[in-house]
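Good morning, and thank you for the time. I shall speak about a single structure, and I ask you to keep it in view as we proceed.

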Amino acid sequence: MKAITKKRTKAYFIDLAISTAVTIGVEQLMRKKIKSEAVHALVTPTVVMWGLEYAQLRRCGQTIGYKQTGLKIEGTDGQAPTPNQIIKRMAYRDCLSTFKYLGDRKGFEGEDGSVLPQDTYAETVVKEV
């Protein structure tokens, strides 16, 4: 695993821990209003994680995890990622990226780990700050 990919993995787990903590709080507030366990198991964690990630990337191009590991997401043109790029990146990562990894493990990391399949699809690049 390349150095940037290791940092990206650490950043993802930091963001996942924060998202999990927020999800627990949101579920406690919504438990009385929404009785369906499927919503609490599938929808709430996804919406919370995507919402937090979108807000952070839109605001400063970094999530808390990326900030802690010294990484930043930019568009391929060097600008901050657009809302469309952020959404495309999150959706591809959470829906299709696993299949891409299983199909081509060696080519998954791309160049130096700064461009994964979700980055190629969304036209973004991860750089060290």
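This is a predicted model: local features need pLDDT of at least 70, side-chain atom pairs count only at pLDDT 80 or more; totals for chains, interfaces and linings use all residues.

Glu 128 is partly exposed, because its relative accessible area is 46%. Glu 128 forms a salt bridge with Lys 7, and the closest N and O atoms are 2.7 Å apart. This pair connects distant parts of the chain, since Glu 128 belongs to strand 2 and Lys 7 to helix 1, 121 residues apart. Lys 7 is likewise partly exposed, at a relative accessible area of 28%.

That pair belongs to a wider set of interactions. How many salt bridges does a search of the whole structure find? The search finds nine. As a general point, side chains of opposite charge can pair when their charged atoms come close.

Let us turn to Glu 53. Its side chain meets that of Arg 89 in a salt bridge, with an N to O distance of 3.6 Å. Glu 53 lies in helix 2 and Arg 89 in helix 4, so the pair ties together parts that are 36 residues apart in sequence. Are these two residues buried or exposed? Both Glu 53 and Arg 89 are buried.

Glu 53 also meets Arg 93 in a salt bridge, at 2.8 Å from N to O. Here, too, distant parts of the chain are linked: Arg 93 is in helix 4 and Glu 53 in helix 2, 40 residues apart. Arg 93 has a relative accessible area of 16%, and Glu 53 one of 8%; the cut-off for a buried residue is under 20%, and therefore Arg 93 counts as buried, as does Glu 53. Through shared partners, salt bridges join Arg 8, Glu 53, Arg 89, Arg 93, Asp 94 and Asp 119 into one network.

I now consider helix 2 itself, which covers residues 37–60. Its 24 residues, at 1.5 Å a residue, should span 34 Å, and the end C-alpha atoms are 34 Å apart, so the two values agree. Just after the helix, Gly 61 adopts a positive phi of about 75°.

Which residues of helix 2 are buried? They are His 40, Thr 44, Val 48, Met 49, Glu 53, Gln 56 and Leu 57. Among the elements that cover them are helix 1, helix 3, strand 1 and helix 4.

Leu 57 brings us to the nonpolar core. The largest such core has nine residues: Ile 4, Ala 11, Leu 57, Tyr 66, Leu 71, Ile 73, Ile 86, Met 90 and Val 126. Helix 1, strand 1 and helix 4 are the elements that give two or more residues to this core. Leaving aside neighbours within four places in sequence, Ile 86 is in contact with Tyr 54, Leu 57, Arg 58 and Pro 81. In soluble globular proteins, nonpolar side chains tend to be buried together.

Finally, I draw your attention to Glu 123, in the loop between helix 6 and strand 2. Its phi is near 60°, a positive value in a residue other than glycine. Glu 123 counts as partly exposed because its relative accessibility is 47%.

Definitions and conventions:
Residues are numbered from 1 along each chain as its sequence is written. Side-chain values use heavy atoms; hydrogens and water are left out. Helices (H or I, at least four residues) and strands (E, at least two) are DSSP runs, numbered from the N terminus. Buried means under 20% relative accessible area, exposed over 50%, partly exposed in between (1.4 Å probe, protein chains only). The expected span of a helix is 1.5 Å times one less than its number of residues. Contact means heavy atoms within 4.5 Å. A salt bridge is a side-chain nitrogen of Lys or Arg within 4 Å of a carboxyl oxygen of Asp or Glu. A nonpolar core is a set of buried Ala, Val, Leu, Ile, Met, Phe, Trp, Tyr and Cys residues joined through side-chain atoms within 4.5 Å.
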